[in-house]
Amino acid sequence: MNKQEAMTLLKKQGYKITKRREAILIFFAKEDKYHNAKNLYEYMEAEYPGISYDTVYRNLHLYHDLGILESTELQAEKHFRMNCSDQHHHHFICSTCGKTKKVKVCPMDEVENMLSSYKILGHKFEIYGLCPICQTA
Ligand SMILES: [Zn+2]
Ligand SMILES: [Zn+2]
Ligand SMILES: [Zn+2]
């Protein structure tokens, strides 16, 4: 999902596109990277001094509920990134900086054979580690 697709979705669902809501999309569209609520709040605070944490938090969860953002747990905390709605793939996620890298292999191709009598409804596969930059830091 990119910023434009997200705005179209918001409009379709009857949500008003405010400058603040757009700023949140810009923040997430910038990088293939997971961020926590605090990262987003710090960015929004710099753009809109005095904005309440509550407003930021509510919009963050709205975007997640609408499928604009996807989430994962890193260091026991929820992190968010733009939902990848393009061709099926998985992610390597840096546990330190949250950067993600696309992995085009899907282990389900193998696993399906082992579960031939089961009906599979979905799967989640993430690889965690350190990106090249964080390894040298
Ligand atoms: Zn992706
Ligand atoms: Zn990293
Ligand atoms: Zn897969």
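Student: Let's start with a single side chain: which relative accessible area does H123 have, and what does that make it?

Tutor: Its relative accessible area is 35%, so H123 is partly exposed. The scale runs like this: buried is under 20% relative accessible area, exposed is over 50%, and partly exposed is in between, using a 1.4 Å probe and protein chains only. Before we go on, this is a predicted model, in which local features need pLDDT of at least 70 and side-chain atom pairs count only at pLDDT 80 or more, while totals for chains, interfaces and linings use all residues. Residues are numbered from 1 along each chain as its sequence is written, chains are lettered from A and ligands numbered from 1 in the order in which they are written, and side-chain values use heavy atoms, with hydrogens and water left out.

Student: Good to know. Which protein donors does the zinc ion (ligand 3) have?

Tutor: In general, donors are N, O and S atoms within 2.8 Å of the metal (3.2 Å for Na, K and Ca); water is not among the atoms, so sites may look incomplete. Here, H88 (NE2), H90 (NE2), C106 (SG) and H123 (NE2) lie 2.0 to 2.3 Å from the zinc ion (ligand 3). Along the chain, these donors have the spacing H-x1-H-x15-C-x16-H.

Student: Where do H90 and H123 lie, and what do they tie together?

Tutor: For the elements, helices (H or I, at least four residues) and strands (E, at least two) are DSSP runs, numbered from the N terminus. H90 lies in strand β3 (residues 90–94) and H123 in the loop between α5 (108–114) and β5 (126–129), so the pair ties together parts 33 residues apart in sequence. In contrast to the partly exposed H123, H90 is buried, at 6% relative accessibility.

Student: What geometry does the site of the zinc ion (ligand 3) have?

Tutor: Four donors count as tetrahedral if all angles lie between 85 and 135 degrees; four count as square planar and six as octahedral if opposite donors are over 155 degrees apart and all others between 65 and 115; anything else is irregular. With angles of 105 to 116° among its 4 donor atoms, this site is tetrahedral.

Student: And which residues coordinate the zinc ion (ligand 1)?

Tutor: C84 (SG), H89 (NE2) and H91 (NE2) do, at 2.0 to 2.1 Å. Their spacing in sequence is C-x4-H-x1-H. C84 is partly exposed at 22% relative accessibility, whereas H89 is buried at 12%.

Student: In what sense does β3 pair with β5, and in what sense with β4?

Tutor: β3 and β5 are parallel, over 4 bridges, while β3 and β4 are antiparallel, also over 4 bridges. H91 has E126 as its bridge partner in β5 and stands opposite K102 in β4. F92 stands opposite I127 in β5. As for cover, 4 of the 5 residues of β3 are buried.

Student: Now the core. Which residues touch the most other members?

Tutor: In soluble globular proteins, nonpolar side chains tend to be buried together. A nonpolar core is a set of buried Ala, Val, Leu, Ile, Met, Phe, Trp, Tyr and Cys residues joined through side-chain atoms within 4.5 Å. The largest one holds 22 residues, and L25, F28, L40, M44, Y63, I68 and L69 touch the most other members. The elements giving two or more residues are α1 (3–12), α2 (19–29), α3 (37–47), α4 (53–66) and β2 (77–82), and α2 gives the most, with 5.

Student: Which residues is L40 in contact with?

Tutor: Contact means heavy atoms within 4.5 Å. Leaving aside neighbours within four places in sequence, L40 is in contact with I24, F27, F28, V56 and L60.

Student: Last one: which phi does Q75 have?

Tutor: Q75 has a positive phi of about 50° although it is not a glycine. Q75 lies in the loop between β1 (69–74) and β2, and is exposed, with a relative accessible area of 60%. A76, in the loop between β1 and β2, has a positive phi of about 60° and is exposed at 71% relative accessibility.

Conventions:
Two strands pair if DSSP finds at least two bridges between them.
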